[in-house]
Amino acid sequence: MRTPRRPAPETPLSVDHDAATRDDPEFAENFAHHFTTIDGLQMHYVVGGDGPRTIVLLHGFSESWYEYRAIMPDLLPGHTVIAIDLPGLGDTTGELPSHDKVTIARYVHRLLLHLGHHEGVELVAHDFGSAVAYALAAQWPEQFAGLMLMDFGLVGGSLTFDQLKPLSFHFSFFQQEPLFEQLVAGQERLFLSYFYQNLGAPAPRTNLDEYVRVYGRPGVLHNGSRYYQAWPQDEADNRRLMLEPLEMPVHIITQAQLFDTFHAALKDAAPHATGSPVEGVGHWLLHEAPERVLQEIKTFFGHQDRSSHPLETPGEEPC
């Protein structure tokens, strides 16, 4: 295995990228913000630790790398932890040629190669990060040791985008371009507050402030809606990728009411995929059940346990 490396520092194009962490001493002790330009796109990611095993964390829509903040310290023992802002989202900056997940995955793949992570990567993803994670694992299986997904329905086999649409208003709303952006631009806090509540639970105040900041950045809301508009193309791409089933270990956790559907859909891509339903939660697993998520990650990837660590981000309080 090649030795991971830290790239030369770049001047951030997103000047407030550290807004949620600049007064967080635990973050400063264990993690740092980094920027690397990949094919014209300045990718933002957070790195901590220097362990021999690498774990990569991919977020979903209406969040950023920050959704993993509370559990990241507990993933450090023996690991290099990398939480990435997906192309077009968070504090990653630049124009995208396409929003289909095969294209998005190439940026993440090349970033990891640039950082020296060529194999054995443990990949964890939530929501649309799961679509990117599947495209990564299916195209470059030699790079990954395993794949854990959270609360996402993988289309392309038994599940279609048309079947997903009735699950939530936003699947159709985000297709309305440019109406979605025209209605929400400047009203990000109002929209996101409703969105989090509608899909499970209010975001803690610190998290909400951070997500309002990043989705108020130029182009981020637009890119988020385009992730959804590309879903029919993702379905066609996944159908092709599923012709070669994943052989690596694959696991999914999801809210209990959607578990059977999402687990079956994942098995179209990974026939031996395991899974666990999570009772009493909605979509925001990392906010609603962080201890459970941490336990599932450690168990699935065989992490050694460590002493208990508080799972609350400093300064958080309910909205």
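In S8, which residue is the bridge partner of isoleucine 252?

Tutor: Glycine 275 is that partner in S8. This is a predicted model, where local features need pLDDT of at least 70, side-chain atom pairs count only at pLDDT 80 or more, and totals for chains, interfaces and linings use all residues. Residues are numbered from 1 along each chain as its sequence is written, and side-chain values use heavy atoms, with hydrogens and water left out.

Strand S7 covers residues 250-255. Strands (E, at least two residues) and helices (H or I, at least four) are DSSP runs, numbered from the N terminus. S7 is mostly covered, with six of its six residues buried. Buried means under 20% relative accessible area, exposed means over 50%, and partly exposed lies in between (1.4 Å probe, protein chains only).

S7 pairs with S8 in the parallel sense, over five bridges. Two strands pair if DSSP finds at least two bridges between them. S7 also runs parallel to S6, and four bridges join these two. Isoleucine 252 takes part here as well: in S7 it is the bridge partner of leucine 149.

Now the whole sheet. Eight strands form an open sheet with mixed pairing, in the order S1-S2-S4-S3-S5-S6-S7-S8. Strand S1 (31-38) and strand S8 (274-278) stand at the edges with a single partner strand each, so one side of each has no neighbour in the sheet. From one strand to the next, the twist averages 20 degrees. Further along the order, strand S3 (residues 53-58) pairs with strand S5 (residues 121-126) in the parallel sense, over four bridges. There, leucine 58 stands opposite alanine 125 in S5.

Aspartate 151 lies in the loop between S6 and helix H4 (161-164). Its phi is positive, about 50 degrees, although aspartate 151 is not a glycine. Aspartate 151 is buried, with a relative accessible area of 3%. Aspartate 39 sits in the loop between S1 and S2. Aspartate 39 also has a positive phi of about 50 degrees, although it is not a glycine.

Next, a helix on the sheet. Helix H2 (residues 101-114) lies across S1, strand S2 (41-48), S3, strand S4 (79-84) and strand S6 (144-150). H2 runs at about 115 degrees to S1. Axes are lines fitted to C-alpha atoms, for helices over the stretch in contact, and angles run from 0 to 180 degrees between N-to-C directions. Contact means heavy atoms within 4.5 Å.

Lysine 101 leads on to an aromatic site. Lysine 101 lies over the face of phenylalanine 128, at 4.7 Å from the ring centre. A charge sits over a ring if NZ of Lys or CZ of Arg is within 6 Å of the ring centre and within 35 degrees of the ring normal. Phenylalanine 128 is buried, at a relative accessible area of 1%.

The aromatic pairs come to 32. Rings of Phe, Tyr and Trp (its six-membered ring) pair if their centres lie within 6.5 Å; planes under 30 degrees apart count as stacked, over 60 as edge-to-face and the rest as tilted. Phenylalanine 128 and tryptophan 231 have ring centres 4.8 Å apart and planes at 55 degrees, so this pair is tilted. Phenylalanine 128 lies in helix H3 (residues 128-139) and tryptophan 231 in helix H10 (residues 231-241), so the pair ties together parts that are 103 residues apart in sequence. Tryptophan 231 is buried too, with a relative accessible area of 4%.

Helix H9 (residues 220-229) and H10 pack at about 45 degrees, with their axes 5 Å apart. That makes H9 oblique to H10: angles under 35 degrees count as roughly parallel, over 145 as roughly antiparallel, 65 to 115 as roughly perpendicular and the rest as oblique. H9 brings Tyr227, Tyr228 and Gln229 to the contact, and H10 brings Trp231, Pro232 and Asp234.
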